[in-house]
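Welcome! Please look over the sequence and the structure below, then try each exercise before reading its solution.

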Amino acid sequence: MSILVWIEQIEGKALSSSWEVLGKAKELAADLGTSTVALVIGEGVDAVAQEALRYGADTVYTVASPVLKQYRLQPYAAALGSAIDAAGASVVLTAATTHGRTLAAFVACQRGAGIASGVSDLRVEGGALAAERSAFSGNIIHDVHFSGDLKVASVRPRAFSMPEVGEAAGEVKALSLSLVEGDVREKITDFRVANLGEVSLTDARIIVSGGRGVAADPAKGFQLVADLADLLSAAVGASRAAVDAGYVPYKHQVGQTGKSVKPDLYIAAGISGAIQHLAGMGESKVIVAINKDPDAPIFERAHYAIVDDLFTALPALSEEFKKRLG
Ligand SMILES: Cc1cc2nc3c(=O)[nH]c(=O)nc-3n(C[C@H](O)[C@H](O)[C@H](O)COP(=O)(O)OP(=O)(O)OC[C@H]3O[C@@H](n4cnc5c(N)ncnc54)[C@H](O)[C@@H]3O)c2cc1C
């Protein structure tokens, strides 16, 4: 029996959300009296495997092959399947990223396992794993209890804090992949990393988002959003209305049909606060809303309300942060 955590990595860099899940897995393993196993899949994954040991994994399995250079569901599911068997895993956890959610769901289906997607908490109750999920913009929190011997869950980024880095005490074991390239039906014809250095929305501690309120001058409005985001080392978010209008690409969309985020600080500029937007950011720790309409629904959820034109308020905020942050 063990808790197996898939450590998602891109080009040799692990996602912080995977470390958050590993840290929580350590706590759960202590409660369940079992061990924590990390799994790193890819090509050239030794450095990430060593990092996983320093983040507290008792054992790290690696599955390395040119076939696994980039994420593809079929070979990654095969690699995860062999790690489940090798580790005798009773729990499989992934970060609830796009890949993590898909992989968890696929493997759960293959194995007939109980699955909870995008959980916000995990705990041991009566000697068994239980999860907590939120729905309807955080208005409903429900518990999930698993049936079956194998339990699978994907965990929302930033649901748990980053674990401390310590001395590596465990061991790394290499597993081999049963598939060869000819077996894989998905083919990647091109791979480009978009905007290196850009802060990822799902991992961001601070997000500055813009909405249709920038319509008077969208280019300037989103430049002001980006300027404030730059100053705060924050990610840039957007409402669907802003994305649909072509002000920013879809990858910035927050909400029901965009990304779910849970930053420490969410600054919403010119966003009305539709239920579908709140579905993606309603659990942010502190929400600051800038809107010129004092009756905008976003103010019902905001901790701080700035009733003003965003074209005035955003530069004023940037100016003030510049002074204070040097
Ligand atoms: C199935 C479905 C899924 C959806 N998924 C999403 C989703 O994932 N994410 C999402 O965001 N939406 C989603 N929507 C759309 C959602 O319902 C809203 O239409 C959208 O969120 C509105 O975006 P907005 O707040 O930017 O625009 P609006 O609702 O038009 O609000 C603009 C706000 O800006 C304010 N404003 C205007 N000018 C200024 C100014 N100069 N300074 C300050 N404030 C100003 C206005 O007072 C207003 O409150 C979805 C809808 C459906 C039906």
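Start with α9, which lies across β15, β16 and β17 and runs at about 135° to β16. Keep in mind that this is a predicted model.

**Exercise 1.** Find the sheet that holds these strands and give the order of its strands.

*Solution.* Step one: trace the sheet, which is open and has five strands in the order β14-β13-β15-β16-β17, with parallel pairing. Step two: look at the edges, where β14 (235-238) and β17 (304-307) each have a single partner strand, so one side of each is left without a neighbour in the sheet. Step three: compare directions; neighbouring strands of this sheet are turned by 20° against each other on average, ignoring direction.

**Exercise 2.** Which residue is the bridge partner of A289 in β17?

*Solution.* First take the pair of strands: β16 and β17 are joined in the parallel sense by four bridges. Then follow A289 across to β17, where its bridge partner is A305.

**Exercise 3.** Which strands does helix α5 touch?

*Solution.* Helix α5 covers residues 218-231 and packs on the sheet. Its contacts are with β13 (206-210), β14 and β15 (265-269). As for direction, α5 makes an angle of about 175° with β13.

## Around the ligand

**Exercise 4.** Of the 29 residues around the ligand, which come nearest?

*Solution.* Begin with the nearest ones: G211, G213, R240, A241 and G255. Next, see which elements contribute: α6 (240-244), α7 (275-281), β16 (286-291) and α9 (310-325) each supply at least two residues of the shell. Finally, sort the shell by class, which gives 10 nonpolar, 14 polar and five charged residues.

**Exercise 5.** Which strands are the edge strands of the open sheet of seven strands?

*Solution.* Write down the order first: β7-β11-β6-β1-β4-β5-β12, with parallel pairing. The edge strands are then β7 (114-119) and β12 (171-175), as each pairs on one side only. Neighbouring strands in this sheet are turned by 20° against each other on average, with direction ignored.

Now zoom in on β7. Four bridges join β7 to strand β11 (residues 151-155), and the two run parallel. Within β11, K151 stands opposite G114.

**Exercise 6.** Where does α3 lie relative to the strands?

*Solution.* Helix α3 lies across β1 (2-7), β4 (35-42), β5 (59-64), β6 (89-95) and β12. Against β5, α3 runs at about 145°.

## Two helices that cross

**Exercise 7.** Describe how helix α3 and helix α4 cross.

*Solution.* Two packed helices are described by the angle and the distance between their axes. Here α3 (residues 73-87) and α4 (residues 98-111) have axes that come within 10 Å and cross at roughly 60°. The crossing of α3 past α4 is right-handed. On the α3 side, the contact is made by L73, Y76, A77, L80 and G81, and on the α4 side by T102, L103, F106, V107 and Q110. By class, this contact has seven nonpolar, three polar and no charged residues.

## The whole chain

**Exercise 8.** Which domains does the domain assignment give?

*Solution.* The assignment gives domain 1 (2-183) and domain 2 (206-325). Their centres, taken over C-alpha atoms, are separated by 32 Å. Six residues from domain 1 and seven residues from domain 2 form the contact. The side of domain 1 that touches domain 2 has no nonpolar, four polar and two charged residues.

Definitions and conventions:
Residues numbered from 1 in each chain as written. Predicted model: local features only at pLDDT ≥ 70, side-chain atom pairs only at ≥ 80, totals over all residues. Domains from an automatic or database assignment. Contact = placed C-beta atoms within 7 Å. Nonpolar A, V, L, I, M, F, W, Y, C, P; charged D, E, K, R; others polar. Axes fitted to C-alpha atoms, helices over the stretch in contact; angles between N-to-C directions. Left-handed = near helix turned anticlockwise from the far one by under 90°. Pairing = 2+ DSSP bridges. Near = placed C-beta within 6 Å.
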